[in-house]
Amino acid sequence: MTIALMPLPYAQDALEPHISSKTLEIHHGAHHKTYVDKLNAAIAGTENEGKSVEDIAKSASGPLFNNSAQTWNHGFYWHSLSPEKTAPSESLAAAITADFGSLDALLEALSNEAINHFSNGWAWLVVDGGKLKVISTHDADSALVKDVVPLLTVDVWEHAYYIDQMNKRPAYVKAVLENILNWKFASDNFDRGTAWTYPA
């Protein structure tokens, strides 16, 4: 059984004007697809064939880790975005107030992490030791393989924003955080208390 390129959870143009249809065409249809294709090629005929993306990433290293983690990271990122305005659940909102003081303070921390992360990577909101934290990972590294529960992520690889914003990462981060973060997805992850599962 091969690992599928998961479909976007919304229409390709649904995030406009914040993220363009062209960006999603390339980001999902080329970048994400390439990770999936390379992962399938790498696991064919091996003990990893038939395993979940999560199980592969948690035990892999080198190119196999890069492609499995990036397959998962991108699937998680698509779900971290929503064309509709959402808000944290009561339970997540209470945790945000307890650990950051306010939603605005959390967004500022996430913005700073995303904008200031050097080169390629990911900014994450996670639960770590029972508390909400903002962290970042570099290149293909993933919150999936850390001892945390990922709630949402912002992709800060240049291919996530270069078509729309050129080199202006702060403009992309601002557009995402202010308009299309999927707080329902983050709330579901928070209430469940375990990592999201890439669709088989």
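**Labels and their cut-offs**

Modeller: Asparagine 112 is found in helix α5. Helices are DSSP runs of H or I, at least four residues, numbered from the N terminus. This is a predicted model: local features need pLDDT of at least 70, side-chain atom pairs count only at 80 or more, and totals for chains, interfaces and linings use all residues. Residues are numbered from 1 along each chain as its sequence is written, and side-chain values use heavy atoms, leaving out hydrogens and water.

Biologist: Why does asparagine 112 count as partly exposed?

Modeller: Buried means under 20% relative accessible area, exposed over 50%, partly exposed in between (1.4 Å probe, protein chains only). Asparagine 112 has 40% relative accessibility, so it counts as partly exposed.

Biologist: What makes histidine 117 buried?

Modeller: Its relative accessible area is 13%, so histidine 117 is buried. Histidine 117 sits in the loop between α5 (103-116) and β1 (121-128).

Biologist: Which residues is histidine 117 in contact with, leaving aside neighbours within four places in sequence?

Modeller: They are Ser136, Thr137, His138, Val156 and Arg169. Contact means heavy atoms within 4.5 Å.

Biologist: How many aromatic pairs are there?

Modeller: The count is twelve. Rings of Phe, Tyr and Trp (its six-membered ring) pair if their centres lie within 6.5 Å; planes under 30 degrees apart are stacked, over 60 edge-to-face, the rest tilted.

Biologist: Why is the pair of tyrosine 77 and tryptophan 78 called tilted?

Modeller: The ring centres of tyrosine 77 and tryptophan 78 are 5.2 Å apart and the planes are at 45 degrees, so the pair is tilted. Tyrosine 77 has a relative accessible area of 1%, so it is buried.

Definitions and conventions:
Helix = DSSP H or I, 4+ residues; strand = E, 2+ residues; numbered from the N terminus.
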